[in-house]
Amino acid sequence: PDIAAELGRVLPSFARVLLGVTGAEGFNVLENNGLAAGQVVPHVHFHVIPRRTGDNLGYRWLPGAYGAGRAAAIADELRRLLCDPRG
């Protein structure tokens with residue numbers, strides 16, 4: 001948790017420098033976790049990808065939809081586990 005918090009604290013400064021150096025208009029932060037998500041290197045690392053309008057990178061999140069009540073059930077279970085890790 002401490003390392004993740006430090007990453008969160010450093011990211012805004014790093015992103016400002018990245019945007020200045022590259023002249024990019026924005027950026028994506030990507031972390032692939034597990035083979036199904038495209039993880040190739042077996043440790044946690046983040047990709048900070050500079051972006052420009054019209055860059056045609058092609059990475060798009062294709063949102064789907066849960067069945068009725070499924071998103072609420074997932075949110076409830078996450079809250080339960082995060083608030084009481086013992087379950």
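Ala, Val, Leu, Ile, Met, Phe, Trp, Tyr, Cys and Pro count as nonpolar, Asp, Glu, Lys and Arg as charged, and the others, Gly among them, as polar. The model is predicted, with pLDDT of at least 70 needed for local features and 80 or more for side-chain atom pairs, while totals for chains, interfaces and linings use all residues. Residues are numbered from 1 along each chain as its sequence is written, and side-chain values use heavy atoms, without hydrogens and water.

Figure 1. The largest pocket has a volume of about 160 Å³. A pocket is an open set of points on a 1 Å grid over the protein atoms alone, where a 1.4 Å probe fits, with protein on both sides within 12 Å along at least five of seven lines; lining residues have an atom within 4 Å of a point. Points are joined across faces, edges and corners, and the volume is the space filled by probe spheres set on them. Ala4, Leu7, Gly8, Val10, Leu11, Phe14, Val29, Phe46 and Val48 line this pocket. Eight of these residues are nonpolar, one is polar and none is charged. Helix H1 (residues 2-22) supplies the largest share, six residues; helices (H or I, at least four residues) and strands (E, at least two) are DSSP runs numbered from the N terminus.

**Figure 2. Salt bridge between Arg9 and Glu6 in helix H1.** The closest N and O atoms of Arg9 and Glu6 are 3.0 Å apart, a salt bridge being a side-chain nitrogen of Lys or Arg within 4 Å of a carboxyl oxygen of Asp or Glu. The two residues are separated by about one helical turn because they lie three residues apart in helix H1. Arg9 is exposed at 54% relative accessible area, whereas Glu6 is partly exposed at 38% (buried, under 20%; exposed, over 50%; partly exposed, in between; 1.4 Å probe, protein chains only).

Figure 3. Pro50 belongs to strand S2 (residues 47-51) and is partly exposed, with a relative accessible area of 28%. Beyond its neighbours within four places in sequence, Pro50 is in contact (heavy atoms within 4.5 Å) with Leu18, Thr22, Ala24, Gly26, Phe27 and Asp55. Asp55 in turn forms a salt bridge with Arg51, with 2.6 Å between the closest N and O atoms. Asp55 is partly exposed at 30%, and Arg51 is buried at 13%.

**Figure 4. Glu77, Arg80 and Leu82 in helix H2.** Glu77 and Arg80 form a salt bridge, the closest N and O atoms being 2.5 Å apart. Leu82, also in helix H2 (residues 70-83), is exposed at 70%.
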